[in-house]
Amino acid sequence: MNEPTRPPHRSIFVCIALAALSAVGCASRGPLTAAKVAQAERAVEDAQQAGAAVSAPLEFRTAQDKLKAAQAAMAKGNHDRAIRSAEQAAIDGEYARALAANQRVNAMSDEMNQYIKVLRQELERLPR
């Protein structure tokens, strides 16, 4: 019996198509990775500007470390790890910024309460 054989071109075409799809899949991760790392960089920079290095040093350092890990993973082409580390760095950076802002608001509140206390004392001294 004659067994039907596949033309050799078909299997070569399938291999080429699979290789192309794989390359496109990897290439499409690059822009996403770069965007996630840029987002993490902005979050860490915002935390720095908010004073998190002083107000929330542990959280700020954690964000910086995760950002460095994301940058290193991106440089090595490990997109999944870079994206994961960048997302964590962005969250930690936002958290450090929020802690710094919260501390600043609490300090302002304490200062305002002190002013109110002084004003009340002054009002009590006034003749009635």
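Let's start at Ala52, which touches Ala47, Pro57, Phe60, Ala96, Arg97 and Ala100, leaving aside residues up to four places away in sequence. Keep in mind that this is a predicted model.

Ala52 also turns up in the largest nonpolar core, a set of 16 residues. Together with Ala40, Phe60 and Leu67, Ala52 is among the members that touch the most others in that core. Where do the core residues come from? The elements that give two or more residues are α1 (8–49), α3 and α4.

Now look at how two of those helices sit together. Helix α3 covers residues 57–75 and helix α4 covers residues 79–125; their axes come within 8 Å and cross at roughly 160°. Anything over 145 degrees counts as roughly antiparallel, so that is how α3 and α4 run relative to each other. The crossing is left-handed.

Which residues make this contact? On the α3 side, you'll find Phe60 and Leu67 again, along with others including Glu59, Ala63, Lys66, Ala70 and Met74. Over on α4, the partners include Arg81, Ala82, Ser85, Ala89, Asp92, Tyr95, Ala96 and Leu99. Sorted by class, the contact has 13 nonpolar, 4 polar and 4 charged residues.

Last stop: Glu87, which lies in helix α4. Is Glu87 buried, exposed or partly exposed? Its relative accessibility is 34%, so Glu87 counts as partly exposed. From Glu87 to Leu67 is 20 residues in sequence, and the two are 8.8 Å apart in space, C-alpha to C-alpha.

Key:
Residues numbered from 1 in each chain as written. Predicted model: local features only at pLDDT ≥ 70, side-chain atom pairs only at ≥ 80, totals over all residues. Heavy atoms only, no water. Axes fitted to C-alpha atoms, helices over the stretch in contact; angles between N-to-C directions. Helix = DSSP H or I, 4+ residues; strand = E, 2+ residues; numbered from the N terminus. Parallel < 35°, antiparallel > 145°, perpendicular 65-115°, else oblique. Left-handed = near helix turned anticlockwise from the far one by under 90°. Contact = heavy atoms within 4.5 Å. Nonpolar A, V, L, I, M, F, W, Y, C, P; charged D, E, K, R; others polar. Core = buried A, V, L, I, M, F, W, Y, C linked by side-chain atoms within 4.5 Å. Buried < 20%, exposed > 50% of the residue type's maximum accessible area, 1.4 Å probe, protein only.
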